[in-house]
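Work through the exercises below with the sequence and the coordinates at hand. Each task is followed by a solution in steps.

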Amino acid sequence: MAAKSVFHFLIAVVILVSAFLTLVDGTSDMWKLSEIFSRRQASWQLIASEKRQADLAKIPPEWILEPQLLEDGRTRLSIVGDYIENLLDDKARYITEMDVPELVARMKDGLLTAVDVVTAFCKRAAYAHQLSNLLLEIRFDEAIKRAQELDAYFEKHKRLLGPLHGIPVTLKDQFHIKGLDTTMGFIGWIGTFEGEKGTGKERNVESELIRELNILGAIPIGKAPETNNNILGYAFNPYNRNLSTGGSSGGEGAMQALRGSAFGFGTDIGGSVSMPASFQGLFSIKPSAGRISFKDTANTGEGQEVMPTVVGIMGHSVDALQMIIKSLLSSEPWLHDPYALPIPWRSEKEYNPRNELGYKPAFGYLANDGVLTPHPPVSRAMEIVKEALANKGHQLIEWDWPHHRDTLEIHMHQSLIARGDGCPDVYDAVQLSGEPFVPEITNLFPNGKPRAPLPLPEYQQVISRMKVYRQRYLDYWTSTAERTGDRPVEAVISPVTPYAGVLPGKFYPSTYSSSVNVLDYASVVIPVTFANKDIDVVSPNFKALSDEDGLNMNEYDPEIYHGAPAAVQLVGRRLDEERLLSLAQLVVEALTDYRAEFGE
């Protein structure tokens, strides 16, 4: 009884102190604790359900799919291409199959209006969302109103507002748009500003990227979720719904695969744009840090600037990626963001090696990193690109760098560089609502709690190791001039990941993606082919490099993976995005000619 009395006395003291501190300082830790308790009174499931219903209410009634159609769509293995297109009227289908450059050209010639374009993509996005739960935020009404304003501008001035005039765009739900929530999939962030109430910032902040898009004439129509979250659930791959969309920008990847907008933005710190693009047949660019502004964008681990999160773009052609990044840089983001590098778009003449008469750029070729052997569809995609470039007379230099595994240890081992702090902010965000951790992040919280932060001296040692790694890698790259007989290779061709898609819960860390972020290099993803159960089979002579490699290959099943896209990535040196995009277009043209000749 005495122990119980002491316990009750302590509770009373906590309540009295909390009340006192609330009067003195409304932002005190005790006030935050009581805020957590009060918000937990509402079931996290109920809050999530209300959020989903509020989003559905923003879809016009005439765009709501019949229950039978929904049931049919949700049971299909694939909903890309003909399936979703057959749900659309002819006009919407015609418009949404166009890429960004063609859409802009049609609006410039007066053949399409911004309202035509935005309405068509909003309708397709509405269908994509109902079939796959891909929008945490919807702003169709606001987008169409903005399109009307652009049409009025065009009518008055006889010119487009900007280079992306009337182009509908979706974004991963980290970018703040006035009037919308930004939750990053955290239920406790709904109706708040990054988990806090009463700041005056709720739904009243705009990311620098959004400011730029508005100036350029692009029109945000919605925001997509993390691959797995407790608001919308798991985002499955619309090409093959046995598989994941990939993380963490998987929701945006699926939206692009279903062409719910003309292009999309995600964020990347370990392949989070490149992987979803590769798994869903998309082009993407992951630039070096500082080329695209990250200002006023919600994030976890905001104080980590050693290997910062970057903004990446997903779309449907190299031309589109080039047009978008060139447009963004024309807005001079460095005048508004101290971390945006003052590097305007650099001239095609200077940064396009294809312009040099008689020069054939050489490429590095990394077929296997010695850590995880690529699944058969990925290996076949690599071979196709190799043969296509060889047919055009390009040198391909075997990339035999022996230290790939180091990037896993620098980047991911116990979240060293990326999250050496133990992820307390993620933990606090989840605790706000009492929602469970999604499986993809449970490893960050052994025993349900954040890890102890890495001591600063140890953290600095890892950073020093990263700096040494970067120098050694650059030296190796430069040394390839000895093998080409001319210049070092212009870019390296490699898998994006060792797997042709991911089975939910079966992800293995990969150096193919982690290395790009450790080095702060730029990369462009190029879709190549699709998994084919009749030809993409594991060789009977396959010998695993390690137990981990064996487990990875054992997860591959030709029947399950059939139809999944397979891609490669082109990796360029730091801040070399213009050259890399030119080289990517060269690869695409070589692939086009190769397919015309050989039918693959």
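**Exercise 1.** Which residues does Ile313 touch, not counting residues up to four places away in sequence?

*Solution.* The model is predicted: local features need pLDDT of at least 70, side-chain atom pairs count only at pLDDT 80 or more, and totals for chains, interfaces and linings use all residues. Residues are numbered from 1 along each chain as its sequence is written, and side-chain values use heavy atoms, with hydrogens and water left out.

Step 1. Take contact as heavy atoms within 4.5 Å.

Step 2. With residues up to four places away left out, Ile313 touches Phe263, Gly264, Phe265, Val273, Phe283, Ser284, Ile285, Ile292, Leu321, Ile324, Ile325 and Leu328.

Step 3. A nonpolar core is a set of buried Ala, Val, Leu, Ile, Met, Phe, Trp, Tyr and Cys residues joined through side-chain atoms within 4.5 Å; buried means under 20% relative accessible area, with a 1.4 Å probe and protein chains only. The largest such core has 105 residues, and Ile313 is listed with Leu103, Phe140, Leu213, Phe263 and Phe265 as touching the most other members. Helix H8 (residues 114–132) gives the most to this core, eleven residues. Another core, of 26 residues, lies apart from it and includes Leu366, Tyr476, Leu519 and Tyr521.

**Exercise 2.** Is Lys223 buried or exposed?

*Solution.* Step 1. Locate Lys223: strand S3 (residues 219–224) contains it. Strands (E, at least two residues) and helices (H or I, at least four) are DSSP runs, numbered from the N terminus.

Step 1. Lys223 has 0% relative accessibility, so Lys223 counts as buried.

Step 2. List partners. The side chains of Lys223 and Thr182 are joined by a polar contact of 2.8 Å, that is, a pair of N or O atoms within 3.5 Å, where one must be able to donate a hydrogen and the other to accept it, and residues adjacent in sequence count only if both atoms are side-chain atoms. Beyond four places in sequence, the contacts of Lys223 include Glu137, Asp173, His176 and Asp181.

**Exercise 3.** At what angle do the axes of helix H15 and helix H24 cross?

Step 1. The axes of H15 (residues 376–391) and H24 (residues 577–598) come within 8 Å and cross at roughly 95°.

Step 2. H15 is therefore roughly perpendicular to H24, a class that covers 65 to 115 degrees, with under 35 roughly parallel, over 145 roughly antiparallel and the rest oblique.

Key: Axes fitted to C-alpha atoms, helices over the stretch in contact; angles between N-to-C directions. Buried < 20%, exposed > 50% of the residue type's maximum accessible area, 1.4 Å probe, protein only.
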